[in-house]
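Student: I have just opened this entry and would like to talk it through. Could we begin with the terms?
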Amino acid sequence: MASTLTYQAIRKTFAGQAAIELFDLAMEPGELVSLLGPSGCGKTTALRVAAGFEQPDSGAILVDGRNVVGTPPHRRNMGMVFQSYSLFPNLDVSANVAFGLRVRRVSKADQQRRVGEALERVHLSHLANRYPHQLSGGQQQRVALARALVFEPAVLLLDEPLSALDAKVRVNLREEIRRLQLQLGMTTLFVTHDQEEALSISDRMGVMSNGRLEQLGTPREVYAAPATAFVARFVGRINELPAEVTADGITVAGVRIGVAAPNGAAVGSAVTVMSRPEDVRVHRPGAGTNGAALAGTVVSEHFAGATSLLRVRLDLLDVLVDAQRVQQTETSEPGHDAGDRVEVVLSPAKVLVVD
Amino acid sequence: MTAEAIEPEAVVAPEPRPAGKLAGTVLSWVFVLAVMTYFLFPLLAMARFAFQRVPTVLLGWSTLGDKWTLDSLTRAFDDPQFGEALWLSIRLALGAMILTLALMVPTAMWVHLRIPKARGLVETLTVVPYVVPPIALVVGVIGAYRDTAPWFFTSRYSLIPFYTVLAMPFTYRAIDAGLRAIDLRTLVDASRSCGAGWFTTTFRVLVPNLRVSLLTSAFLTATVVLGEFTMAALLGRTTLQTFTQQFTQREPQGAFALGLLTLVVTTGLLALVTFLTRKRGAAAIPAVV
């Protein structure tokens, strides 16, 4: 049965500097939550506090409602996979996986059976007698995953387990992690600085900055409706345009873009309009934009397979705007060349306005 | 998903050695031979004095092969005090090895895990025995503890703490090097997250992976103990070295033979350490846990 993991107002400082501040998070049983953020934002500290490797200054960590602050790491029953390869070099693969069962004094026969099953799950049964130095990085991390899962922990903690791997192995292994997590229904906290990882495998993701959780939501929510400018900038690519609050709404370079002013914003105050490249449409001049368009010139078009990224310099702002367009089909508009005159239209419903 | 294959390492043909490199190699060998000669000649002289039954005034090139014998060593072995002195030295060496490991391993681990910034300071502290002469150490300790703990100085094992301190510059470094070679924090965290307490983590994870450095540390302690004279003499203990010194008065040849034997044994221990550390390292040595 999967467990819940709850952070309640956790605060942790190092030498007077707050690593995490008033950190709250409630994970449902069987849920995979990613903590995403830049280096030094406190995501690993949050994970280490849950594991028991760091003691919080204040707050509570609840596992199935029981506060585990003060419980030593080896009594928390949490499996963990680390960023660096953490297999015990003196033990072969099967002994590494059996380690957690051995210390729990599981019978030999049971150990053998469960180690076999765990290795089967990560497709490494054939390497059971190898030593860690005889394995590739991806294989080592899969053994580490099997070792963390074999004793059926209450919670699985993953501390950037993919960051030391090359791109192809990383994608394979993250799918593997998600498959196993769903199969076992394991409550999992996954720390990463790679937004693609967080977006692709999480039930929910939390974006952290300066020790605080800026936003917690499903990957779609976080991407489509970022709660703060930091989240908007950190997750995905986004355009930022200087704008002004007017009585009629927001204007960019004097052009009304069909977006209402945020509550409490004073007329005449400067704001920033943010919009994802895929929410920006680019037309040839006079293609029915109802006057809400910003004129500009195509600077370049970067081909990226199924899509391409069009870079446009706006006439009135001297700002570059990125627009993503699906690759040309028989019915779509023809592509653009550098130097083409175009009009840029933002999608009002998907624009984020920040101070 | 299939397992990733380990890429075989490419075989690279050795490049021809340039003339400059060859000259460097030759020079290196000349230097090594010069150093060996510098050390070996006195040892050869020592060996001839100890093991040739030829009057000293006649020891020259012409008598190099004459009358070699182990009589002097046999006489030393036959001395009733020899066995006792050797056995005491062995016990002191074992005691110092155990005390060294018991103190240094947790200390070095603690420094690495909890106060890594203090590593430099601790390293500096461990070299203090280099700068404090053994005589000052013994006299200082005697002065400080004579009245409060007289039992300490009457025990034949009172030399063990002194030897542990004396060997510290070598032993701490050996253990420290071992800890630097492994990802200590991750291994400890991994073990703890699997449910192991400190005892299990230390003895099932760390010690097997530090085996080479622990052996090095132990052997270095043994070599220090087997070669130490000043402290044993000051505390009036008959160890191998003090026995040798006393034996010199009666049997100079036997004393030299013993000195040479001690040198061979300690050199053998160091060679063993070198051999062990030249293996692929602790990480590659499988262990039954």
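Tutor: Let us start with buried area, which is the accessible area (1.4 Å probe) that two parts lose on being put together, summed over both. This is a predicted model, in which local features need pLDDT of at least 70, side-chain atom pairs count only at pLDDT 80 or more, and totals for chains, interfaces and linings use all residues. Residues are numbered from 1 along each chain as its sequence is written, chains are lettered from A and ligands numbered from 1 in the order in which they are written, and side-chain values use heavy atoms, leaving out hydrogens and water.

Student: What area is buried between chain A and chain B?
Tutor: About 2800 Å² is buried between the two chains, and carbon and sulfur atoms give 58% of that area. In chain A, the residues that lose the most area to chain B are A:His74, A:Asn90 and A:Phe99, together 21% of what that side buries.

Student: How many residues of each chain are in contact there?
Tutor: Counting contact as heavy atoms within 4.5 Å, 38 residues of chain A touch 30 residues of chain B.

Student: Which side chains meet in a salt bridge?
Tutor: A salt bridge requires a side-chain nitrogen of Lys or Arg within 4 Å of a carboxyl oxygen of Asp or Glu. The count between chain A and chain B is 1. A:Arg48 and B:Asp189 form a salt bridge, with 2.8 Å from N to O.

Student: Changing topic, how many helices does chain B have?
Tutor: Chain B has 14 helices and 0 strands, where helices (H or I, at least four residues) and strands (E, at least two) are DSSP runs, numbered from the N terminus.

Student: And what share of chain B is buried?
Tutor: Of the 289 residues in chain B, 40% are buried, meaning under 20% relative accessible area, with exposed being over 50% and partly exposed in between (1.4 Å probe, protein chains only). B:Cys194 is one buried residue, with a relative accessible area of 2%.

Student: Which residues have the most contacts inside the largest nonpolar core?
Tutor: A nonpolar core is a set of buried Ala, Val, Leu, Ile, Met, Phe, Trp, Tyr and Cys residues joined through side-chain atoms within 4.5 Å. The largest has 89 residues, and those with the most contacts inside it include A:Leu5, A:Tyr7 and B:Leu206. Apart from that core lies another, of 28 residues, among them B:Leu88 and B:Met231.

Student: What does B:Leu206 touch?
Tutor: Leaving aside neighbours within four places in sequence, B:Leu206 is in contact with residues including B:Met109, B:Ile182 and B:Thr201.
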